[in-house]
Amino acid sequence: MNYRFLLLITTLLWMPAIYSEELVDAGAEIQVTNAPDDQAIENRLTDILNVIESYEDVEVTVDSGVVILSGNVSSARAGRDLVALASRVEGVIYVQNRLNELMDISTRVQPTTQKIEAMLSSLIRSLPIFLVAIITIIFFWLLGRWVGNRGVWLSRIGLSELATDLGGRIMRILIVGTGFLIALQILDATALVGALLGVAGVFGLAVGFAFRNIVENYLAGVLLSARNPFKIGDSIQIAEFTGNVVRLTSRDTVLMTGDGNHLRIPNSTMITSVMINYTRNPLRRFEFTLAISADIDLVKARRLGLGTLQNMQGLLAEPGPQVLIAEIREDIVDLHFLAWINQHESDFAKARSEAIRLIKIGFDEAGITFHQPVHRLQLINDETKLEPETADALPDTESALPNVSAEASTVDIATDPTMSRQVAHELNTSDEENLLK
């Protein structure tokens, strides 16, 4: 009997927790002695709601510690906040929510309007501080621009034009960034500094990956302008590309090829590739190889070739020309001819061409023939056959050639000004930046 009585009492105590809408705390202890009376609880809640403007249409009724809230609220969130507020009052056992949520437009818009008005009022009160912050930013921006344009002191320490420009930009960014930090300090928004630095770091990382090639080419341009491996008009070779330097920009190097075309090579390729500058040293050596028969007196052939090159106009006496035996292949001997020129006075291609011509004339006059491959063609059919020995009766193709003779003085090997004129014309007619002086 006692067991059933206790079960009934427990069920009656938990019935409100199952069927009610709101409960203060299911596990809280309900005080019976020294609890505030219902009227005191009602008066306390009424006084609180009178202070809060959004709850002026709410009525409070208290009976045996149970608070009944009725009336209208602007939103469901406002109703939940009011229930939570009532549940914290001493002596409240249970809060019954009978509030209605207003759905009319004016009720919903009014809080937003009030917030906007409060923001405008706060902005007007803070306007002098904003003006001081804006003036600070403008001052540091002008200061950074002035310092960035005064890059003469960077060029005085030996930096190139592109490096000077990069240094000026870095100084400008640092000064303007300092101005922004001071402005945020004036606005008491120092917490925003960390957020801005974090965003700037992420943004800088993303930009670095997105524009990696552009950044590489720009930094390579800085190094090229600082090292000066070439100047305008120099003939250089990068990998398989050869041409005369026209200009150096912040991203690429422009060459003019021998056929008059513009060739743009990224600065990162220029800085990481093997480069040959043919113009930096005015002295340049050309070479070529000729094959003669192994039956020829090699001492006589070398002496004749050396004397021909020494008598040629435009070749340097110091360092003098050389004739070397490069290789012996069966009945063939390769003679290697080398000679030096001054590129300021003689053209490389013309001088090499004229040297080959003079060697050919000299060897022909001395009876030294160049080796030529002999091909024997044998046709076999039922009627006629060409015996192998008949190949010796074929006409001598060398003797069939006309006898060409010319003097060295009649051939011009002076420097060719064609490329120089084209480079000068390009520089005079183009407004593109050029970091080469």
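The questions and answers below concern a predicted model.

Visitor: How many helices and strands does the secondary structure of the chain come to?
Guide: The chain contains 437 residues, of which 28% are buried. Among its contacts with a separation of 6 or more, 68% join residues 24 or more positions apart. Its secondary structure comes to 14 helices and 11 strands.

Visitor: Which element gives the most to the lining of the largest pocket?
Guide: The largest pocket has a volume of about 790 Å³. Of the 25 residues that line this pocket, Ser 235, Asn 244, Asp 347, Asp 416 and Met 419 are the closest to its centre. Two or more lining residues come from each of strand S5 (241-248), helix H12 (348-365) and helix H14 (418-429). The element that gives the most, with 4 residues, is H14.

Visitor: Is Asn 244 buried or exposed?
Guide: Asn 244 is found in strand S5. The cut-off for a buried residue is a relative accessible area under 20%. Because the value for Asn 244 is 15%, this residue is classed as buried.

Visitor: Which backbone oxygen does the side chain of Asn 244 reach?
Guide: Leaving aside neighbours within four places in sequence, Asn 244 is in contact with Gly 233, Asp 234, Ser 235, Val 254, Leu 255, Met 256, Met 419 and Val 423. At 3.0 Å, its side chain reaches the backbone oxygen of Gly 233.

Visitor: Which residues have the most contacts inside the largest nonpolar core?
Guide: This core has 22 residues. The elements that give two or more residues to this core are strand S9 (283-293), helix H11 (298-310), strand S11 (332-342) and H12. Those with the most contacts inside the core are Phe 286, Ile 292, Phe 337 and Phe 363.

Visitor: How many residues has the other core, which lies apart from the largest one?
Guide: Among the residues of this other core are Val 62, Leu 82, Val 83 and Val 89. The core has 20 residues.

Visitor: Which phenylalanine residues are in contact with Ile 292, leaving aside its neighbours within four places in sequence?
Guide: With those neighbours left aside, the contacts of Ile 292 include Leu 298, Ala 301, Asp 331, Ile 332, Val 333 and Leu 335. Ile 368, Thr 369 and His 371 are also in contact with Ile 292.

Methods
Residues are numbered from 1 along each chain as its sequence is written. This is a predicted model: local features need pLDDT of at least 70, side-chain atom pairs count only at pLDDT 80 or more; totals for chains, interfaces and linings use all residues. Side-chain values use heavy atoms; hydrogens and water are left out. On a 1 Å grid over the protein atoms alone, a cavity is a set of points where a 1.4 Å probe fits but cannot get out, and a pocket is an open set with protein on both sides within 12 Å along at least five of seven lines; lining residues have an atom within 4 Å of a point. Grid points are joined across faces, edges and corners, and a volume is the space filled by probe spheres set on the points. A nonpolar core is a set of buried Ala, Val, Leu, Ile, Met, Phe, Trp, Tyr and Cys residues joined through side-chain atoms within 4.5 Å. Buried means under 20% relative accessible area, exposed over 50%, partly exposed in between (1.4 Å probe, protein chains only). Contact means heavy atoms within 4.5 Å. A polar contact is a pair of N or O atoms within 3.5 Å; within protein, one must be able to donate a hydrogen and the other to accept it, and residues adjacent in sequence count only if both atoms are side-chain atoms.
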